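Trainee: Before we look at anything, could you show me how to read cavities and a few backbone features in a model, one step at a time?
Mentor: Gladly; ask about each feature as it comes up.

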Amino acid sequence: RVHGSGSGFKVLSIASNLAEVRERIAESARRAGRQPAEVTLVAVSKTFGADRMREAWAAGQREFGENKVQEGLQKIADTADSPARWHLIGHLQSNKAKKAAAACACIQSVDSVELLQRLDDGAGQRPPGTAPLEVLVQVDFAGEATKFGAGPDEAAETVRAAAGAKHVQLAGLMLLPPWSD
């Protein structure tokens, strides 16, 4: 991030950017009557390399998100020396569910019972003692052709299936609301 003041510009470090974002989160949490510790910041690593992830790790960031499975798997491997919690935040194709379940701590884009079942099967292959795979059911209230997510009825069915899954833990919903002024 670049910050301008007068005619001079300075590039802010990841550490200073994180500190600023955390302060904004804390202020928002307080205004909402919540504790800042109740809010989890997931730093999206899209287009950034492992060196930037390590810099964020050194600044105290522990949760990272990636929107593509292949990029996420590469970054997870490249940063294995920093035991970050990785979230898959983008659309997940069923044929990549097993790989994602093995590597990620949380999948935020579960949009069907079929995908949930594949993730549950994949999570069953994780090493003993590994925390359950957390999932968020993605609900599309916008109905836009360019967005992924289950409609409300299918989402309810997916939530029920998640509640009965053996190896995944339902952590909540990821909602896509309609656009509104």
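Trainee: How much space lies in the second largest cavity?

Mentor: Rolling a probe the size of a water molecule over the atoms shows where empty space is left. A cavity here is a set of points, on a 1 Å grid over the protein atoms alone, where a 1.4 Å probe fits but cannot get out, and its lining residues have an atom within 4 Å of a point. Grid points are joined across faces, edges and corners, and a volume is the space filled by probe spheres set on the points. In this case the second largest cavity holds about 30 Å³. Bear in mind that this is a predicted model, in which local features need pLDDT of at least 70 and side-chain atom pairs count only at pLDDT 80 or more, while totals for chains, interfaces and linings use all residues. Residues are numbered from 1 along each chain as its sequence is written, and side-chain values use heavy atoms, with hydrogens and water left out.

Trainee: Which residues line the second largest cavity, and which helix gives the most to its lining?

Mentor: Its lining consists of Met53, Arg54, Trp57, Phe64, Thr79, Ser82, Ala84 and Trp86, and helix H2 (residues 50–58) gives the most, with three residues. Helices (H or I, at least four residues) and strands (E, at least two) are DSSP runs, numbered from the N terminus. For classes, Ala, Val, Leu, Ile, Met, Phe, Trp, Tyr, Cys and Pro count as nonpolar, Asp, Glu, Lys and Arg as charged, and the others, Gly among them, as polar; this lining has five nonpolar, two polar and one charged residues.

Trainee: How many cavities of 30 Å³ or more does a search of the whole structure find, and what volume has the largest cavity?

Mentor: The search finds two, and the largest cavity has a volume of about 50 Å³. Among the residues that line the largest cavity are Glu66, Lys68, Trp86, His87 and Cys104. Helix H3 (69–78) and strand S5 (85–88) are the elements that give two or more residues to this lining, and H3 gives the most, with four. Seven nonpolar, two polar and two charged residues make up the lining of the largest cavity.

Trainee: What is the phi of Thr47, and is Thr47 buried or exposed?

Mentor: Most residues other than glycine have a negative phi, and most peptide bonds are trans. Thr47 has a positive phi, near 75°, and lies in the loop between strand S3 (43–44) and H2. Thr47 is exposed, with a relative accessible area of 67%, where buried means under 20% relative accessible area, exposed over 50% and partly exposed in between (1.4 Å probe, protein chains only).

Trainee: Which residues of H1 are buried, and what follows H1?

Mentor: In helix H1 (residues 14–31), which has 18 residues, the buried ones are Ile14, Asn17, Leu18, Ala26 and Ala29, and what covers them includes H2. H1 is followed by Gly33, whose phi is positive, near 75°.

Trainee: How many helices and strands does the chain have, and what share of its residues is buried?

Mentor: The chain has six helices and eight strands, and buried residues make up 34% of its 181 residues. Along its principal axes, the C-alpha trace spans about 55 × 45 × 30 Å.

Note on methods
1 Å grid on protein atoms, 1.4 Å probe; cavity = no way out; pocket = protein on both sides within 12 Å on 5 of 7 lines; lining within 4 Å. Expected span 1.5 Å × (residues − 1). Contact = heavy atoms within 4.5 Å.
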